[in-house]
Amino acid sequence: MPLFVGYRRFEGAGFSLIEVMVVLVIAIVLTLVAVPGMTNLFRDARLSTQTDMLISTLNSARLEAVKQRKNITVCPMTNADTGTACSASASDWTNGFGVWDGTAIIQRVAAKGDAAITTAATSVVFVGTFGSTSAAASFTLCASGRKQQQIDIGVSGHVSKKINSTLCS
């Protein structure tokens, strides 16, 4: 007689080979369905991260302009890691960009990603009075197969983001 009440002894209890194979097939099918969705999620997240990084840089430059009461420029740099000034010849924002106070770079941002940044602006200048800009600007960030993300900067200095329905090629 066993010591524990309700104790039963099961001999040979377990899963059959067929049951294990069915569970494995179901797990594989679920994985194959989930992986493409996760890949797209990661690509969208990388593009959003790059967009948010540019927005953060623009907003901090606007704040710095108001704080210091002088013009602060955000501009592309040929090498954001070692650049010491805005490049007059740089027009590719994809390499990185910097925040320039007229005498020195106060912030460098190296754009390490696969998003292409296109804009007509060679720089964005925030004026020291109320953080307004000298001119409105617009940036489009694109990664292959993802929806375009657009950053608009109004003359008031307000920075906004929107995701367009246009797919990047």
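**Starting point: threonine 51**

Select threonine 51, which is found in helix α1. The model is a predicted one. Is threonine 51 buried or exposed? Its relative accessibility is 0%, under the 20% limit, and threonine 51 therefore counts as buried. Now display its side chain, which reaches the backbone oxygen of leucine 47 at 2.9 Å. Next, show the surroundings of threonine 51: apart from neighbours within four places in sequence, threonine 51 is in contact with Leu141, Gln149, Ile151 and Lys161.

**The whole of helix α1**

Where does the helix kink? Centre the view on alanine 34, where α1 has a kink of about 25°, shortly before proline 36.

Then colour the buried residues of α1: Leu47, Ser48, Gln50, Thr51, Leu54, Ile55, Thr57, Leu58, Ala61, Glu64 and Ala65.

**Leaving the helix: arginine 69**

Move on to arginine 69, which follows α1 and is placed in the loop between α1 and β1 (72-76). Arginine 69 has a positive phi of about 55° although it is not a glycine. For context, most residues other than glycine have a negative phi. At 67% relative accessibility, over the 50% limit, arginine 69 counts as exposed.

**The chain as a whole**

How many helices and strands does the protein chain have? The secondary structure comes to one helix and eight strands, and the pattern along the sequence reads α-β-β-β-β-β-β-β-β. Of the 169 residues, 32% are buried. Among contacts between residues at least 6 apart in sequence, 50% join residues at least 24 apart. With the surface shown, the protein chain exposes about 10,700 Å², of which carbon and sulfur atoms supply 61%.

**A buried glycine: glycine 157**

Select glycine 157, in the loop between β7 (147-153) and β8. Glycine 157 counts as buried because its relative accessibility is 0%. Which residues are in contact with glycine 157, leaving aside neighbours within four places in sequence? They are Arg62, Phe126, Gly131, Ser132 and Thr133. A distance may also be drawn from glycine 157 to phenylalanine 130, 27 residues apart along the chain: their C-alpha atoms are separated by 8.1 Å.

The structure holds one disulfide. Select cysteine 142 and cysteine 168, which this disulfide joins with an S to S distance of 1.8 Å. Which parts of the chain does the pair tie together? Cysteine 142 lies in strand β6 (residues 137-142) and cysteine 168 in the segment after β8 (159-167), so the pair ties together parts that are 26 residues apart in sequence. The torsion about the S-S bond of cysteine 142 and cysteine 168 is about -95°, and the disulfide is therefore left-handed. With the surface still displayed, note that cysteine 142 and cysteine 168 are both buried.

Notes
Residues numbered from 1 in each chain as written. Predicted model: local features only at pLDDT ≥ 70, side-chain atom pairs only at ≥ 80, totals over all residues. Heavy atoms only, no water. Disulfide = S-S within 2.5 Å. Helix = DSSP H or I, 4+ residues; strand = E, 2+ residues; numbered from the N terminus. Buried < 20%, exposed > 50% of the residue type's maximum accessible area, 1.4 Å probe, protein only. Contact = heavy atoms within 4.5 Å. Bend = angle between axes of the 7 residues up to and from the residue. Areas by Shrake-Rupley, 256 points an atom, 1.4 Å probe, with all protein chains shown as cover. Polar contact = N/O pair within 3.5 Å; in protein donor to acceptor, adjacent residues only side chain to side chain.
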